[in-house]
Amino acid sequence: MASIFRPTLLRQTALAASTRRAATAALSRQQLIRPAVAKDAARVAAFHASSRRSLLPPGPQVIKGTVNDPAPIPETSPSHGSYHWTFERVIAVGLIPLTVAPFAGSSLNPGLDAVLCSLLLVHSHLGFQSVIIDYIPTSRFPKSRKAAMWLLNAATALVGVGLYEFETNDVGLTEAVKRVWKA
């Protein structure tokens, strides 16, 4: 509750202090001080009241149809919905033994390391893809959604190449984790 009143109180306090000082000072001095204090108070209050300023502009406010029109039903696809959710969970559960196995068995198998890296990459890609799907709707931001998906695909490919280079030309992921853990 205090955060709601903070910007108003800051503004009132700064303006009250400037009026008290201005009443005791000469007229020319009052004309110089009051705008500077009011400007600083507005700047400080704006900093503390960031909820009033939106960081991103609002999306397009377009209403398609009328109030009595039914909500559009998306087309069904077997690659969406429960199959997609099940695939994400299988990947997440598969990461558990792959993460523990190299350290519990104390063996550094490059095949196991490659499978771990690839599943980590797929798991991360699917997680970020879900975030993009949830928070950048196609109906409101079609170009931004497409750009975010392309950026995600490019980042996934870049990380995949980086992990491949790290696995083939360096110590590998599990050995790197062991070295960092013992450091």
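**Exercise 1. Which residues does Glu88 touch, not counting residues up to four places away in sequence?**

Solution. Before starting, note that the model is a predicted one, in which local features need pLDDT of at least 70 and side-chain atom pairs count only at pLDDT 80 or more, while totals for chains, interfaces and linings use all residues. Residues are numbered from 1 along each chain as its sequence is written, and side-chain values use heavy atoms, with hydrogens and water left out.

Step 1. A contact means heavy atoms within 4.5 Å, and with residues up to four places away in sequence set aside, Glu88 touches Leu126 and Ser130.

Step 2. Glu88 lies in helix H3, where helices are DSSP runs of H or I with at least four residues, strands are runs of E with at least two, and both are numbered from the N terminus.

Step 3. The side chain of Glu88 makes a polar contact with the side chain of Ser130 at 3.1 Å. A polar contact is a pair of N or O atoms within 3.5 Å; within protein, one atom must be able to donate a hydrogen and the other to accept it, and residues adjacent in sequence count only if both atoms are side-chain atoms.

**Exercise 2. Find the salt bridges of the structure and state how exposed their residues are.**

Solution. Step 1. A salt bridge is a side-chain nitrogen of Lys or Arg within 4 Å of a carboxyl oxygen of Asp or Glu, and a search of the whole structure finds 2 of them.

Step 1. One joins Arg89 to Glu88, with the closest N and O atoms 3.4 Å apart.

Step 2. Another joins the side chains of Glu175 and Arg179, at 3.2 Å from N to O. These two residues are separated by about one helical turn, because they are 4 residues apart in helix H6, which covers residues 173–182. An α-helix has 3.6 residues a turn, so residues three or four places apart point the same way. Glu175 counts as buried at 18% relative accessibility, while Arg179 counts as partly exposed at 48%.

**Exercise 3. Which residues make up the largest nonpolar core?**

Solution. Step 1. A nonpolar core is a set of buried Ala, Val, Leu, Ile, Met, Phe, Trp, Tyr and Cys residues joined through side-chain atoms within 4.5 Å.

Step 1. The largest such core has 7 residues, namely Ile91, Leu95, Leu98, Leu116, Cys117, Leu119 and Leu173. Two elements, helix H3 (82–104) and helix H4 (110–135), each give two or more residues to this core. In soluble globular proteins, nonpolar side chains tend to be buried together.

**Exercise 4. How many helices and how many strands does the chain have?**

Solution. Step 1. The secondary structure comes to 6 helices and 0 strands, and read along the sequence the pattern is α-α-α-α-α-α.

Step 1. Of the 183 residues in the chain, 19% are buried.

Step 2. Among the contacts with a separation of 6 or more, 62% are between residues 24 or more positions apart.

Key
Buried means under 20% relative accessible area, exposed over 50%, partly exposed in between (1.4 Å probe, protein chains only).
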